[in-house]
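Thanks for coming, everyone. Please look at the screen.

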Amino acid sequence: MMAMLKGIAASDGVAIAKAYLLMQPDLSFSKKTVEDSDGELARLNDALAKSTEELQAIRNKAAETLGEEEAQVFDAHLMVLSDPEMIGSIETSIRDKKTNAEAGLTEVTDMFIGMFEAMEDNPYMQERAADIKDVTKRVLSHLLGVKLPNPSMIDEEVVVVAHDLTPSDTAQLDRRFVKAFVTDIGGRTSHSAIMARSLEIPAIVGTMDITAKVAEGDILAVNGIDGEVFIHPTDEQKQAVDAKGAEFAAQKAEWEKLKHAETVTTDGKHIELAANIGTPKDLDGVRNNGAEAIGLYRTEFLYMDSPDFPTEEDQYKAYKAVLEGMDGKPVVVRTMDIGGDKELPYLTLPHEMNPFLGYRAIRICLAEDEMFRTQLRALLRASVHGPLRIMFPMIATLQEFREAKALLEDEKAKLTAEGIAVSDEIQVGIMIEIPAAAVIADKFAKEVDFFSVGTNDLIQYTMAADRMNERVSYLYQPYNPAILRLLKNVIDAAHAEGKWAGMCGEMAGDQTAVPLLVGLGLDEFSMSATSILKTRSLMKRLDTTKMAELAEKAINDCDTADEVVALVEQYTK
Ligand SMILES: C=C(OP(=O)(O)O)C(=O)O
Ligand SMILES: [Mg+2]
């Protein structure tokens with residue numbers, strides 16, 4: 001029997017290629033007494049040499065594809081490998097204690113890691129501890145003869161199979177070679193899934209156990225449209241997946257024709273279709289998909305792509321590039337939203353039971369106000385290069401908004417006093433992604449210039465269903481009447497104060513949600529660039545009066561999400 005696994009369809013497209021397991025191998029070993037110390041020392045030297053060679057190759061590849069600065073982290077690893085004090089101590093330990101190389105290595109590196117980690121106030125030493133941990137893993141893998149995965153070194157066509165992919169793993173994937181990825185865990189709004197959609201890499205998440213069912217090199221046929229993966233596919237299964245791919249390509253070609261078209265409903269209402277980006281490099285995709293604006297620039301990726309906090313100048317350059325690249329079209333830049341599933345290697349955050357409910361986004365920014373001020377200054381300086389809209393994430397209370405806005409005003413006043421030009425037209429808004437803010441949207445609407453609803457978080461907080469957890473994905477219900485009522489409250493509150501309401505969560509590009517959102521009067525829809533053209537195609541078939549009736553019925557008459565879906569189908573037939 002050829003196995004078929006179902007998961008959550010996270011990024012459209014199909015692929016047939018062999019599996020590349022991106023998994024941490026088992027690096028456990030037992031400590032042994034070995035009389036032949038010379039033999040163990042030779043094993044150690046061999047593992048050190050192989051690790052050096054491997055790291056040099058990874059370093060060169062990183063310099064080539066990501067730039068010299070990004071490659072520097074590997075220089076730090078190479079330095080650990082050639083540190084005479086550490087290597088000398090490992091050799092002494094192997095010889096004097098007559099242990100195997102694995103035990104000698106970890107005894108010494110554990111000691112250094114413990115010592116550096118204890119220097120809690122010294123970020124430099126914390127980083128050294130992380131470097132030593134990484135290098136120890138690599139040397140151990142050679143001693144044990146197992147493979148450490150290196151996503152950046154993939155140079156043939158593969159389907160990446162992993163338990164989970166972090167956003168930084170995903171950023172390293174080279175789409176020339178990585179034809180798809182499939183994971184055990186995750187949800188449609190995990191950041192790796194969102195990134196797969198912008199990179200146009202077909203993806204399936206939340207299969208539960210693909211890593212237990214697939215071995216390195218197994219052929220996989222991935223249908224990212226329906227969330228199906230075939231292990232050792234038969235010829236018929238391959239043909240079916242290829243046919244699905246061809247059908248999708250034909251549909252994409254149809255949508256392509258709308259690249260320069262206006263987004264207007266059948267009754268002539270214009271709706272702004274915007275794109276979400278993570279870096280200025282995404283601008284090509286934005287232009288190729290005919291976006292009318294940028295509705296969300298997730299600036300935390302600028303921080304994640306950098307070996308240390310990006311300087312004001314680095315940030316200014318990135319924001320300027322995006323504003324200029326959009327050629328006069330509006331750009332919503334969201335201030336840093338680290339935390340949850342997005343981590344910074346150089347910002348040690350406390351380990352938390354519930355990171356999505358913890359220290360993240362604006363909460364960090366208001367506490368680390370110097371870091372925040374740097375970003376605000378960079379944004380204010382960039383504001384002269386195009387219509388900039390600044391947005392604060394994870395706002396729960398009015399105090400937070402006021403405090404953030406006051407810091408912005410303060411930096412603006414300082415820049416002006418220094419004679420540096422700042423635009424007077426900057427709009428300042430917030431993400432609505434915490435139910436508390438959605439409920440008192442009327443209060444916020446008096447003070448902000450706009451709202452952008454972050455449904456990825458708003459749904460998880462409202463339904464108490466982790467957006468990353470496939471086990472509760474059945475509760476992650478964008479069409480639940482509870483969510484629709486919250487959205488109505490937010491949109492109506494904005495309009496009552498003459499403000500605009502947009503949405504930059506994934507729901508904005510969800511084809512079942514779009515008719516409802518048009519009916520609720522949402523002004524701006526921001527989504528992965530790759531969803532724009534199909535959404536434009538859909539909007540051009542909708543009538544706003546009919547959709548308003550649909551939305552009203554969904555909110556007042558439907559009891560469940562399923563009933564809402566059935567109603568949408570009836571209204572869009
Ligand atoms: C757009 C959102 O922000 P992020 O996905 O980055 O949390 C959201 O929460 O909907
Ligand atoms: Mg969010």
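Is R334 buried or exposed? R334 is buried, because it has 25 C-beta neighbours inside 10 Å. The cut-offs: 20 or more other C-beta atoms within 10 Å of its own means buried, 12 or fewer means exposed, in between means partly exposed, with C-beta atoms placed from the backbone.

A word on the model. It is predicted, so local features need pLDDT of at least 70 and side-chain atom pairs count only at pLDDT 80 or more, while totals for chains, interfaces and linings use all residues. Residues are numbered from 1 along each chain as its sequence is written, and chains are lettered from A and ligands numbered from 1 in the order in which they are written.

Back to R334. It sits in strand β11, residues 331–334. Strands are DSSP runs of E, at least two residues; helices are runs of H or I, at least four; both are numbered from the N terminus. Leaving out residues up to four places away in sequence, R334 touches L296, Y297, R298, T299, M391, P393 and M431. Contact means C-beta atoms, placed from the backbone, within 7 Å.

Now R298. This one lies in strand β10. R298 is buried too, with 23 other C-beta atoms within 10 Å. Beyond four places in sequence, its contacts are N276, G278, R334 and D337.

Next, ligand 1. Its surroundings include R298, D337, N456 and D457; here, a residue counts if its C-beta atom, placed from the backbone, lies within 6 Å. Helix α18 gives the most to that shell, three residues.

Finally, the record. An unreviewed UniProt entry lists R298, R334, N456, D457 and R467 under "binding site". Such annotations may be inferred rather than shown by experiment; positions follow the numbering used here, and feature names are shortened.

Terms used: Contact = placed C-beta atoms within 7 Å.
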